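These are my notes from going through the two chains one after the other. I begin with how they pair, then take each chain in turn.

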Amino acid sequence: MDLVQKEHDRLLKRLKASHGLKNVESTIDLLQSARDTIAADPNQAAVTLAKLQNPVKSSFDSINDSLKETHGGLNKYTKSLDKLFKDRPLPSTEHDALSNQEHLINRAIAMHLLREGQFSVAATFLSEIADQKSTIQQESISRPSEKPSSLLDIDEVPSTEIRKQFASMYYILHELKEKRNLLPAIEWSREHREALAARGSNLEFELCRLQYVWLYHNKSLEPTNSPGNWEAAIEYARREFSSFGPRYLAEIQKLSGAMAFIANLRGSPYAATFNNPTAWDEVSQSFTREFCSLLGLSADSPLYIAATAGVIALPTLLKLQTIMKAKRTEWTTENELPVEIPLPPSYLFHSIFVCPVSKEQATDENPPMMMPCGHVIAEESLKRLSKGGRFKCPYCPNESHFKDARKIFL
Amino acid sequence: MAAELTSIKLNPESHIILDQPLLRLPNDLARRNFKSVQRSVEREKEYVIPALKEAANASLSNTQTPDQTLAALDAMLSRMQGLKRKMQSLQEEERRIQNQSRKRIQHLEALHKIPSLADVKYDQWSRVRLDRLLVDHMLRSGYSESAKQLAQERDIEELVDLGVFTQCQRIVECLRQGETKEALQWCGENKAALKKSQHNLEFELRLQQYIELVRSRDQTKKIEAIAHAKRYLVTNQETQNKEIMRAAGMLVITPDTRAEPYKTLFSTDRWKYLSDLFIKTHHELLSLPSQPLLHIALSAGLSALKTPLCHSAYTSSSSNSASTATSVCPICSTELNDLARKMPYAHHSKSYVEGDSIVLPNGRVYSKSRLLDISRQVGSVEDGKVKDPTTGEAFLESEMKKVYIL
């Protein structure tokens with residue numbers, strides 16, 4: 001990459017210094033002054049034209065010289081690119097597993113745009129999809145013999161309901177992040193109190209607590225050290241906190257207790273609650289997570305995670321592709337990638353169970369089974385070991401019966 | 001067997017596999033731009049120098065009136081002025097391309113300053129990359145307006161190739177509507193480069209023009225068709241002999257024929273074939289990959305993330321939307337779930353569970369400490385009980401059983 005940068009800098013310098021155009025201009029000047037001379041005195045024509053030959057020729061030569069230099073620079077830069085990408089060709093494109101799933105990809109993109117708050121782009125995108133769909137439909141009407149199999153199904157596109165949901169999520173987040181206005185978020189969490197409680201979410205309380213802290217800090221964006229506007233905070237607490245009941249009693253007591261330290265909150269045991277610089281980020285993250293979860297969606301854009309994981313995985317997969325080509329073999333199993341791809345820990349969502357006996361990953365057809373001793377193996381291994389009767393656990397002295405083992409869910 | 005389960009190592013050099021076209025395309029454009037400067041200079045040189053010599057000779061031998069000499073000089077001047085204008089505009093273009101290249105190099109360079117995949121800066125960089133991939137996908141699918149808007153809103157216009165794809169799309173539109181002019185003009189502009197192409201786009205276009213003339217079944221049109229064939233098709237006899245023979249055969253066949261290959265030749269589907277051929281030729285010429293980069297990234301990513309649990313009939317205990325204890329897996333999320341259905345799942349050679357795993361009487365496995373945490377948070381279960389966050393069932397703490405996953 002350094003080499004590419006260096007060669008490109010050099011190329012730019014060369015282009016800046018290039019005299020090509022200047023030489024063209026000086027040729028024009030030569031011709032023009034000759035023309036003026038001849039026009040003024042036709043008798044000078046022969047001499048002037050004879051004198052003109054060499055200068056014009058040499059100016060063309062210098063145009064070509066400067067072109068040659070540019071050409072050299074371009075070549076060197078191209079070579080540096082070749083070198084950079086030499087062992088890293090783009091993956092071969094013989095088999096594009098996703099090419100006939102265009103509508104699903106477009107749906108994922110539309111959802112991604114909505115999630116990111118790109119509402120106008122999303123709207124344009126959906127209308128362009130609809131336009132293209134209708135032209136394809138028109139064409140297939142004029143040619144009824146053809147089956148409209150590749151048509152986009154409009155139902156696949158995010159519904160108006162989803163769009164509305166994301167619009168309101170974005171509005172709430174915008175108010176929260178940009179204007180430090182927690183009220184829309186609090187309102188939303190109250191509307192969904194039951195669903196949130198079932199998830200074990202503390203969102204509503206977290207939002208109210210932040211509101212309390214914010215009022216205490218006199219609605220200032222940064223925590224202040226001076227005694228805050230405790231009257232407003234107390235009033236808010238009296239009005240709102242009672243509804244939370246016993247579940248958050250300890251927390252509420254803490255918040256009220258802090259009032260005793262108004263003079264020196266920073267030195268008090270409550271400093272962490274009141275001077276938490278990341279409180280707003282944390283709250284908006286947990287709001288996004290809860291909001292998306294209630295819609296059955298992951299908190300971060302799946303499209304983003306998948307594309308990023310894909311680029312991380314590509315070098316390994318490409319290496320694999322070359323090896324397989326050299327050995328003229330195919331993927332051993334269709335269901336599972338043949339190599340392990342290490343991703344950052346935050347990209348692991350599910351627990352993974354690999355049977356210690358067969359080294360296979362558990363599936364619905366071959367689920368993990370726990371023996372009474374607490375050791376877990378895959379069902380197929382269990383069947384093989386026990387032959388349907390009593391057997392010894394491969395990992396401890398315990399003996400048990402096939403039917404004593406229980407299916408577990410990771 | 002790979003030793004690491006997870007890794008946050010960032011290798012910037014191998015991380016830019018997908019970014020090849022980002023630097024290649026402007027470089028190809030710059031080279032083409034340079035070639036047209038070179039050609040123009042060469043052309044004017046070949047005109048001006050002999051013309052000047054001739055004028056000098058003529059004026060020496062007095063075979064030319066002064067007016068004629070002036071006229072000859074004026075002709076040279078106007079050609080040089082033309083060259084100057086052309087060079088100016090090409091230089092402008094060159095500057096634009098190289099500026100773009102510079103910004104793109106800087107964008108890739110930024111990756112070298114990011115310490116690891118877990119860094120916030122990587123997240124930002126990767127989001128820009130996703131936006132680039134999305135614009136690329138939109139442009140290739142013909143959603144030009146969406147692409148333009150997204151590029152503008154994300155301020156990545158220098159990192160995407162709106163112009164190149166929009167031009168390509170325009171020609172494709174024309175072909176789909178049965179218009180060959182634009183595509184032929186493009187062939188003319190890229191004549192030299194197209195000589196290396198395996199696809200004989202220009203021949204196919206000329207053949208289509210011929211087919212359209214024959215289709216009308218009008219006698220004068222047929223004569224025109226024969227003239228067209230002589231001029232444009234027969235010149236390719238060495239390579240396209242079979243096609244030329246077939247074309248000749250079409251003269252005596254009616255367009256509603258059911259006999260192959262004439263049926264295919266007369267079919268309006270040929271326009272679709274031509275537009276696909278154009279896209280293929282166009283992308284190859286500019287060393288653009290034939291499939292959207294997003295497809296490459298996604299098919300790798302879906303597999304790398306997918307687990308057998310993502311399409312399981314049972315709700316996964318470790319990732320579901322029923323409780324705050326877990327975050328929803330992107331493959332399980334509605335956006336990608338169907339898309340990932342046919343992909344292979346990731347290979348793992350080792351189990352990956354939290355250290356303090358316990359199993360509940362219903363068979364669900366959780367981290368003990370986390371389960372206790374959530375149960376306390378929820379507050380809705382009595383003391384000494386835990387709540388299964390997935391099913392909502394409550395169990396006695398003593399019913400939690402240690403599970404050994406090796």
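**Strand pairing between chains.** I count two strands as paired if DSSP finds at least two bridges between them. Helices (H or I, at least four residues) and strands (E, at least two) are DSSP runs, numbered from the N terminus. I looked up strand S1 (residues 336–340) of chain A and found it joined by 2 bridges to strand S1 (residues 345–347) of chain B, the two running parallel. Within S1(B), Tyr345(B) is the residue opposite Glu336(A). As background, strands of a sheet pair through backbone hydrogen bonds, either parallel or antiparallel.

**Conventions.** I am working on a predicted model, where local features need pLDDT of at least 70, side-chain atom pairs count only at pLDDT 80 or more, and totals for chains, interfaces and linings use all residues. Residues are numbered from 1 along each chain as its sequence is written, and chains are lettered from A and ligands numbered from 1 in the order in which they are written.

**Interface.** I treat two residues as in contact if their C-beta atoms, placed from the backbone, lie within 7 Å. How many residues does each chain put into the contact? Chain B gives 133 residues and chain A gives 124 residues. On the side of chain B that touches chain A, helix H2 (residues 66–110) of chain B gives the most, with 20 residues. I sorted that side of chain B by class and got 68 nonpolar, 45 polar and 20 charged residues. In this scheme Ala, Val, Leu, Ile, Met, Phe, Trp, Tyr, Cys and Pro are nonpolar, Asp, Glu, Lys and Arg are charged, and the others, Gly among them, are polar.

**Chain A, overview.** I list 15 helices and 6 strands for chain A. I call a residue buried if 20 or more other C-beta atoms lie within 10 Å of its own, exposed if 12 or fewer, and partly exposed in between, with C-beta atoms placed from the backbone. On that count, 34% of the 410 residues in chain A are buried. Of the contacts in chain A with a separation of 6 or more, 51% are between residues 24 or more positions apart.

**Chain A, domains.** Domain bounds come from an automatic or database domain assignment. Chain A has domain 1 (2–83), domain 2 (162–294) and domain 3 (350–410). I note 47 Å between the C-alpha centres of domain 2 and domain 3 of chain A.

**Chain A, helix H13.** Helix H13 (residues 279–294) of chain A has 16 residues and reaches 22 Å from its first C-alpha to its last, close to the 22 Å expected. The expected span is 1.5 Å times one less than the number of residues. Its buried residues are Val283(A), Phe287(A), Arg289(A), Glu290(A), Phe291(A), Cys292(A) and Ser293(A). I looked for what the buried residues of H13(A) pack against and found helices H6 (160–179), H7 (183–191), H8 (193–198) and H9 (203–216) of chain A. Gly296(A) follows H13(A) and has a positive phi, near 75 degrees.

**Chain B, domains and sheet.** Chain B is assigned domain 1 (9–113), domain 2 (164–285), domain 3 (295–340) and domain 4 (357–402). The C-alpha centres of domain 2 and domain 4 of chain B are 71 Å apart. I traced an open sheet of 3 strands in chain B, in the order S3-S2-S6, with antiparallel pairing. Strand S3 (365–367) and strand S6 (401–402) of chain B are at the edges with a single partner strand each, so one side of each has no neighbour in the sheet. Strand S2 (residues 357–359) of chain B is joined to S6(B) by 2 bridges, and Ile358(B) has Lys402(B) as its bridge partner.

Asn62(B) is not a glycine, yet has a positive phi of about 60 degrees. Asn62(B) sits in the loop between helix H1 (20–60) and H2 of chain B. Is Asn62(B) buried or exposed? Asn62(B) counts as exposed, because it has 9 C-beta neighbours inside 10 Å. Ser287(B), also not a glycine, has a positive phi of about 45 degrees and is partly exposed, with 13 other C-beta atoms within 10 Å.
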